Amino acid sequence: MATTLQHFIHGAAVAGGSGRYGDVLDPTLGVVAKRVPLADRAETEAAIASAAAAFPDWAAQNPQKRARVLFRFKELVEREMDSLARLLSEEHGKVLADARGDIQRGLEVIEFSCGIPHLLKGEFTEGAGPGIDMYSLRQPLGVVAGITPFNFPAMIPMWMFGVAIACGNCFVCKPSEKDPSVPLRLAELMLAAGAPPGVLNVVNGDREAVETLLTDPRVQAISFVGSTAVAAQVYATGAAHGKRVQAMGGAKNHMIIMPDADLDQAADALIGAGYGSAGERCMAISVAVPVGDKTAEALIDRLRPRVESLRVGPSLDPDSDFGPLVSAEHRAKVRAYVDLGLAEGADLVVDGRDFTLQGYESGFFMGGCLFDRVTAAMRIYQDEIFGPVLSVVRAGDFEEALALPSSHPYGNGVAIYTRDGDAARDFASRVQVGMVGINVPIPVPLAYHSFGGWKRSAFGDANQHGMEGVRFFTKIKTVTSRWPTGIRSGAEFSIPTMR
Ligand code: NAD
């Protein structure tokens, strides 16, 4: 009998009351391991009410005290790193080392958020006019919500709630229903670290919970990460309900390989960035763009044996390079894209569609696939596949290579491999993509910078974490004050100026 998970509302585990449940799978074994309750409107409203009740006191705490809670939270998470990583790996299917990285990257945002006393300092102008001082304050918004995807069940919730809570907001997290156990445990640890009940709630669910968060007038801001179709809809609905919204979507990340690049280094980078986490990363490289046919041939020669020898295995086996895909349904979608690529006329250099693992025949495994001679018109190039499938699109020259990611509908990440500083600098300056790597395959910015793509990879203009996150989760108030000592100018009817 599968375990039944709960919600975490107002500092306590709460059983689901809607009567609707989703399956949480073990992708390595291909079985239903747990059931997750899918909240209805009333249950989601209970989480919002809890956050609203906790907000006045939490916002009134001085920022140093809020930072201390985050310090303790970080220590508690670090103490549980191994068990959390295992839990994450079992539900998601990513290998243990990668699961640890997922948690660690989230913790780095918590570390950044511990600096909140410094980050919240406003600006002050003494003597902006006669006896006049002017200053700005950053104040929390109130109840804010985060809706997160399956592929980073630790990092992405922490991107959001770390900064939001530090700023004095109270948070409702609606994690992916595919792997909700780690976010639930993080909420318990936040309570143990000293955050009062209601500061961090986790409500499990699907569309119904999301729609409640998007339409409830008590929710001031929505941070969303997931697929582009849902991101666009979340952005439009949240904005129509007067909320501040940041909504990150899907991706198709290119790596340009210039003829002067170290091709062994580029091939190794492509293997890690293309096939790590079974390609289920929004910053995965899914398109390699060698410049010139000679570069393309030499690159394919290096990629083919590397893809053929990828070690696909159980997520908990330390020898696995990558584990299973998240569900049978998702694997069927990825396989269908490989079928489509063949139908569209691309060369399938390595075919991993029929990979099976002895002893794990029901697991959602798939081997690495490599396509050559993919063109910009093909759907396997246009669409996000989100699996272990790398497409090689050959470019004739630098300008052609630059144009590919620049004119692609997605604009999350991009990388260039070259030894030529001029070319790299020109590329970084002109490419129409939000995050750029120069000889770095997955340019995920660190916590004190900010994360966000362009075009259909992100809706709204505020990135995640860094100062962008602090701005997103606070509103500015500007105070103009005069302490007049003997100044009397009578009534003024025209707009005050500094002439
Ligand atoms: P998803 O869009 O299916 O789900 C994301 C969240 O939205 C989940 O919490 C889910 O319950 C909810 N949801 C799903 N359908 C909904 C609907 N119709 N109405 C309201 N809510 C809905 O995404 P996923 O499959 O969990 O995650 C993978 C996607 O996320 C990929 O496209 C990946 O590129 C993207 N992603 C983007 C970033 C980024 O920062 N740009 C980071 C990670 C993942």
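How many nonpolar, polar and charged residues does the shell around the ligand have? In this predicted model, local features need pLDDT of at least 70, side-chain atom pairs count only at pLDDT 80 or more, and totals for chains, interfaces and linings use all residues. Residues are numbered from 1 along each chain as its sequence is written, and side-chain values use heavy atoms, without hydrogens and water.

The shell has 13 nonpolar, 10 polar and 4 charged residues; Gly counts as polar, and Asp, Glu, Lys and Arg as charged. Of the 27 residues around the ligand (a heavy atom within 4 Å), Lys174, Glu177, Ser227, Gly249 and Glu384 come nearest. At least three shell residues come from each of domain 1 (3–249 + 457–479) and domain 2 (253–438), with bounds from an automatic or database domain assignment.

Polar contacts are pairs of N or O atoms within 3.5 Å. A side-chain N or O atom of glutamate 384 is 2.6 Å from a ligand oxygen. A backbone N or O atom of glycine 249 lies 2.8 Å from a ligand nitrogen. The protein buries 89% of the 840 Å² that the ligand exposes when taken alone (Shrake-Rupley method, 1.4 Å probe).

Terms used. A polar contact is a pair of N or O atoms within 3.5 Å; within protein, one must be able to donate a hydrogen and the other to accept it, and residues adjacent in sequence count only if both atoms are side-chain atoms.
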